[in-house]
Each structure stands twice: as structure tokens, then as C-alpha cells.
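Me: I am new to this structure and would like to know what stands behind the words used for it. Could you take me through some of them?

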Amino acid sequence: MRKHLFNALAPLAIFVVFLLTACQGKDSFDMNTRNRLFNDNWKFVNDSLPAAAEDPSADDTEWRTVDLPHDWSIEALPGEENEGQVGPFSIKSPGNTSTGYVMGGTAWYRKHFTMEPGDSSKKVFLKFDGVYMETTVWINGHEAGSHTYGYTPFYVDITPYLNETGQENIIALRVSNTGRNSRWYSGSGIYRNVHLIVTDPLHIPEWGVFVTTPEIKPDQAKVNISVSLKNDNPHNAAARVKISIKSPSSTEAGFTEGELTLQTGEKAIFRGQVLVSNPALWSPATPEMYQAEVSIESDGKTVDEYIQLFGIREIEVSAEKGFMLNGEPLELKGGCMHHDNGLLGAAAFERAEERRVQLMKENGFNAIRTSHNPPSEAFLNACDRLGMLVIDETFDMWERPKNQQDYHRFFKQWWQQDVEAMIMRDRNHPSIIMWSIGNEINERADTSGIRIATQLISFIKTLDTTRPFTNAICEFWDNPGTPWEATAGAFELLTVGGYNYQYLRYESDHSQFPQRIMMGTESVPKDAFGNWQMVEKHPYVIGDFVWTGMDYLGETGIGHTRYLSADEQDVFAMPWPWFNAWCGDIDILGDKKPQMLYRDILWDNSKLEMNVHSPVPEGKTEKVSYWGWPDEYPSWNWAGNEGKTLQVSVYTTGDEVKLLLNNREIGSSKVSPETKLTAVFDVSYEPGELKAVAYKQGEEIATKVLKTSGKPASIKLTADRQEIRPDRNDLAYIAIEITDETGQLVNDVALPVSITISGNGELAGSGNACPYDMKSFGKTNIATYRGKAMVIVRPFAKKGDIIIGVSGKGIGEGKTTVVVK
């Protein structure tokens, strides 16, 4: 069996990685420390002002004050609403269906700040985790840097442009998001965290610590630590590097130290080793995190400190064994995810990023593919902390465009810098198990594509040799006439072959390329059974990633289902007023959609689930789009359809299911893989109770009941957390439900409700899961969809209570209090 050992100097298809990873563990420090969250009190104007806006004397007193993260594309547009403009949505959007009918444009940010006396003689850097899209940064009127890719972090050295300590400094940013530059909702502005990094001239550069383990045994992990140093003093400097490793229980697990001498302007690397006894391994089930404390001493005093969290884990990938984590086989239950946070737009609030990961894990996913760009650092920190595997993706295009104004314009000049930023920031996250170099790249299989892929992989290997590579490869819909066999050269470069929507080729490709490791980098919900069968049947198919794990903004309605007459044609994307892709297993509020109930059975998250198909209009035929799902729901509320036959689909891991309506047996059916774990019944609708009972080898294993609700009677509010922090990066999500007199959800109503918020917080987002209800997006007067809606509140940076009220005509008011402490 041929081997590839990626963390060795020579390439040794088994892929083995032993990795101890580290990520900067604190986002916010006191003013006299290194890493200072810099999100508050930015001035903002959504206007293409003349270039003089970077001048320190420019008047910004009339500009809005915003706290980051901030996405201006999700904010209501100026002017009166009309048929072509609703909230943030406009029929004039350059991105049209692709970006969800939102507007971009050019806007400005400014921030006034003063350095403290203790910062004298320090090096000062301004770090942005993500700004969409083209950005230029000025400090006190001096251009300090620029950036073109909206998804990679960047930082600029602002030391030469700062005024004396105690004097005001002004940062100015011009951010441009113009033309058709994205295939999905991108958002606009400074939508991720910003930090001010203050260091001694002798310091660890940002992302300057890299930790690997060449050997992990049950009783000991060998930990190699690389610490980069930079001496910006006007003189040579001696440095003592100290590294202390703390266990998950905060006890010391190891220590190493050493000395270096750096000349003026020199960069150097300290390499040390620590032996960690009885290491607690990181995994999705046990995301154990250690802490590393790195300090730099010079002339008898500490001049820099770098605090990190890290995890120890072992990856092995082969065609014979599949994907192994810490020596155990693990099937990747994956979902592709875009970067937006639904009702919040692209704003990467730390709580919003954490909640997305929580929702995915609660629904049985163990892996996320960050389609099609690097995610926020907050997202990766959440994956580390909660135990979620990640495929970290670089680009959606290389040199050839998918839209005329997209990143392809900058690829040749900027790809290396952007890849370096991604790898350097992300290479220490235990959650990241694989690098993806692209998605459905136009030139993926021709000579230019092979050249670019080779360059990307070779360059990444100079920064990290501890992970496999993949590339999401699709059939040649963009190069008609090119046979699938032409992909061989592209796959040959990869550790794991990424297959987009090509699960039917796995077995034939394996017969031709038996050492190729395969993975479904994209699949559709209605092919869930076939895809998962391949994962369970063949070790060389290591996982499946559905498109998508959650609903997202843009690519409007690609997951639609419609009822069409014989002479009507279907469409790829749904037109105005659709703004949501509607193809996720989880909706934009975080609730399961019907297809997720089926996946729960495939993954054995549940023993029994049931959906009921909507009545098909007479003379119409149901058309389910490629990414769609039949028009069915877990509901027995079908008023007006009494006596009509409804199709009931029952999904189970059992071998037989029985269906009862109001205690009368409707029928029973055998269930097996041959029936795709599904039993289908035709039922004449009458209100009451529909009950499914699942059996296995004659024994009852589960029941599921759908009950007709009463009329709307009240509003139920449920906060995801009743206590949150006085932190502008924290949020509380309040679910709104319309219930009957017994408290049961009334899941067939769209009722108008009004939201009030008072006290120590403000509205951050609101709406419902409906993919075309623009009028309920981000407002205080919204409607429910299938009986549900949501309001998201953001606390002020102080302690106190937030009181949320939601009222509706004839159903009273629901109230809840969120405590900020």
C-alpha cells in the first residue's frame, strides 16, 4: 500500500497526520496588552464620497456611529418602499437573484482613537478579519494598505503614521462592493472583527506560532513548537522564549525555553519541543483544548506574550480505511455552508457564528465545508470549542471569471498573499482537517488549471504539511463536450478527490483509480439516500456534504418546489421577491426542514419521522427543483381539504410501520433499504391525530404523532439563553410561536405581529423562515410563517435587562426578559 506522510520532509494512498494545533485564545485584552478588540464607535456613511474623506480634517459628525461587525447590505434602503424596493431589497440590485436582490456600492468608515502613554515606542498593527470587498486603509491621511479579497484577513502596520501618544488618530476606510462580483449573498463592509495589535519592537508577528506533533501515543505526545520573532529595534536584541503548556484542567503539562539573538530588522524562528504526558485528544465527541502561554523576555523583562488554545489529534486517510480520527473510523456527515448569518446578513457576531455551529451539531452534522471561502476566525474558534470538523476552502474562481467583477480580476496578483493569510491564520485550528483549493473551477482540468492547482498546493505545503488537500470538482457543464475522464489530471494532484453531485461515478472511478480517496463535496437532499449508501458501503468514500446545511441568502429559491401546468416551464432560481436559497436542511431560523427529518433517519439521529404532502392543485404537476424537496411538512393541519387524499411519507430505521388516524388503522408497510427507509400511505384527511408506529423484528421501537391544532390563542416566546454577556458580540435569539389554547404550535398560520424592545439592548434582526417574505425582514412589524418567526436582540455593553414583547391582534402579547450580566 502506497503511503503519503505529509508532515515529513519526503512524500511517503495512506495519509497520516499527527497534529497539535493552536489558535489565539482570547479576542479581547485590557488596553495595556497585545490584542485589543477594536469594534466599537466607528463612524459610517453609505455614500461614494470624494477621496477627501480620508483627510483627517473631513467632517464626520453627521455620519452614523456603528459597532462592528457591520454589514450595510442588510440595512433598509433609503426612500419609500414600493413594488421594487422593500427593506434592504431592490429589484435594481446588480447581483439580482445571485445576491438576493440586495445593494452594494461604496461606503466609508472612520474611527477616532488615542494611544495610551504606555504605548509609546510600541509597534501597532490594525488587523481586519474580513472586509467585503475592495478596501483601502488610511491612517491620519496616509495610505497604509489595501486589500481585494473579501474573505481573507489582513493587517497593516500603522506605526509610522501614528501621532504622538495622547493625540487623536483617525482611521479611514473606503470599502467598495460594486458590480456583479458574487454568486451568493456576500454582504458589504467591515463584517468581521477588527483588532488593534500593540507589541514591543521585539515581538511575535501575527500568526507567528505554529505547533505540530510528529508523534502521538496514548501515554505521550511529542509537541514541536515554532515561534517566529521579529526585531524592529534599532539595535540587536537577545530574546528568551518561554513556552508553558496548560492542560484542559489548567495544570501545567509541559515547558520549554531557549534563547535567540536577532540583529536589527531580522526575523528568526525559535523551535522547541514539549512532551505532553497522557494527552487528552481533541475530537467532535471530546473537544479537549489545551492552552499554550508563549512569552518573550529581553533585558530582564517580558516584552511580548502570546496566549493560545490548542488541541491534540491524529488524522489518517486512505482508500482502504477511509477517514480515521485518533485511530477510529469516522464517516463525515457534512454540510456545505455559506458565511452569512441569515437575518443578520454577513455580520459575523461571535454568538451568531457559535450558534450556527451548535445548530449543525445538534442536527447530527460532524463536518462543515466553508463554501466557498475562508470563514471568520470566530466561526473556527466555535468549531474548535464545540467539536466540529472543517474543510477550509480558498476560492470559488481562479483566473477565469464566474462574474465579470469577481475576484478573478485580482487572482494573479493576490492569490499567494490571500492563501498565505488563510493558512497562517487557520493552520493551528484542530477543527480543520483539510484544505480545499477551489470549487467548480472553470479551468480545473486544462493545462492552466493543472498549473494553478500545482502552484496552490506547493505553496500551501511551504506553510503547512499536516493536512490533506481537496478540490470540489464537477462535471463539465461549463465546458460542454469535455468528457469526465478529463478530470483525471486534476484528481491526481489531490489527497482527497472532491466530487460535486457525482456519487454515481464513485464505483466506476474506483475500479479505474483504486487508490483514489473520494468525498461528496456537494450533493442534493433528494439524493441523500444514494450518497449515504456509498459512504457506508465503501471506505474509499469518506463522507458526504449536502448543499446546504442551512438556508442562506442569495441564489434565490434554487431549492424551490412549484406546481406547474403542462405548458409552464420551471426556472433555475426564483425571481423577486424570493431572497433565500431555500435548499438547506435547516431553515434560516435554525429549525429542521422536511428533508432534515429524512436525514435524521439516515444518520440514525431518530428512529421515526413523518411528513405529509400538501394537496396538489387540480390540473397541476409538482416540480421539485434539483436542490429542492417535495412540498411536505410534519403537519396535520390541512383545513379546507377534508375528505381529500393526502400522501403521508413515513421514514424509519425499523422494518415495518403502521399508520393510524384517530385510532383507526390506515395500513401497514414493510420498510427496508430497498424502499429507501420510507413507507408511503394515501390518507383521506380528517382533523385529529395521525400516528405512526415503527417496529423492528416485531418489537415497537418508536411512535410519532401529528395532531391538528386549535385556533391561534396566544404568543409564546422562547429565548435561546436567558442570560447573556454585556458584550456587543453577544446576542439573544427569541423564537416566536403562535399557539392554541393547549400550547400547541399552530403551524399553518401567517399572522402579523409587532415587536417591542426596551431596556439594555436593541433589535439586531427579525423575520421568519419564508424565502420570499421580504416585508418581514429586519422590521418590528412582521408576519409568522407556519406559525413561527424570530427576533434577535443585541445587548449594550453594560449590565441590565432587555424586555422583549411580541403582540398580535386577538392573541394578546408574549413577553420575555433577557438578563445582561
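This is a predicted model: local features need pLDDT of at least 70, side-chain atom pairs count only at pLDDT 80 or more; totals for chains, interfaces and linings use all residues.

Me: Let us begin with the barrel. What makes it a barrel, and in which order do the strands close?

Reply: There are 8 strands that close into a barrel, and their order is β25-β26-β27-β28-β29-β30-β31-β32. The pairing is parallel. On average, neighbouring strands of this sheet are turned by 25° against each other, direction ignored.

Me: How do you know that β29 and β30 pair?

Reply: Two strands count as paired if at least two bridges are found between them. Strand β29 (residues 469–473) and strand β30 (residues 496–500) are joined by 2 bridges, so they meet that cut-off. They run parallel.

Me: Why is β31 called largely enclosed?

Reply: A residue is buried when its relative accessible area is under 20%. In strand β31 (residues 517–523), 7 of the 7 residues are buried, so the strand is largely enclosed by the rest of the structure.

Me: Now to the helices. Which buried residues does α3 have, and what do they pack against?

Reply: Helix α3 covers residues 411–426, and its buried residues include Phe411, Trp414, Trp415 and Asp418. Also among them are Met422, Ile423 and Arg425. The buried residues of α3 pack against β11 (142–147), α2 (377–386), β27 (389–393), β28 (432–439) and α4 (447–463).

Me: What makes α7 roughly parallel to α8?

Reply: Helix α7 (residues 528–537) and helix α8 (residues 594–602) have axes that cross at roughly 25° and come within 11 Å. Because angles under 35 degrees count as roughly parallel, α7 is roughly parallel to α8. Their crossing is right-handed. Ala528, Phe529 and Trp532 of α7 meet Tyr598, Arg599 and Leu602 of α8. The residues of this contact divide into 5 nonpolar, no polar and 1 charged.

Me: How do you know that α8 is mostly covered?

Reply: The count shows it: 9 of the 9 residues in α8 are buried. Pro594, Met596, Ile601 and Leu602 are among them. What covers these buried residues includes α7, β32 (541–546), β34 (608–613), β36 (632–633), β37 (645–652) and β40 (678–684). Aspartate 604 follows α8 and has a positive phi, near 60°.

Me: Why is glutamine 595 called buried?

Reply: Its relative accessible area is 5%, and the cut-off is under 20%, so glutamine 595 is buried. Glutamine 595 lies in helix α8. Leaving aside its neighbours within four places in sequence, glutamine 595 is in contact with Pro525, Cys583, Gly584, Asp585 and Trp629.

Me: What about lysine 593: buried or exposed?

Reply: With a relative accessible area of 5%, lysine 593 is under the 20% limit and therefore buried. The place of lysine 593 is in the loop between β33 (561–564) and α8. Beyond its neighbours within four places in sequence, lysine 593 has contacts that include Asp551, Trp582, Cys583 and Asp587. Cysteine 583 is 10 residues from lysine 593 in sequence, and their C-alpha atoms are 9.4 Å apart in space.

Technical notes:
Residues are numbered from 1 along each chain as its sequence is written. Side-chain values use heavy atoms; hydrogens and water are left out. Axes are lines fitted to C-alpha atoms, for helices over the stretch in contact, and angles run from 0 to 180 degrees between N-to-C directions. Helices (H or I, at least four residues) and strands (E, at least two) are DSSP runs, numbered from the N terminus. Angles under 35 degrees count as roughly parallel, over 145 as roughly antiparallel, 65 to 115 as roughly perpendicular and the rest as oblique. A crossing is left-handed if the near helix is turned anticlockwise from the far one by less than a right angle, and right-handed if clockwise. Contact means heavy atoms within 4.5 Å. Ala, Val, Leu, Ile, Met, Phe, Trp, Tyr, Cys and Pro count as nonpolar, Asp, Glu, Lys and Arg as charged, and the others, Gly among them, as polar. Buried means under 20% relative accessible area, exposed over 50%, partly exposed in between (1.4 Å probe, protein chains only).
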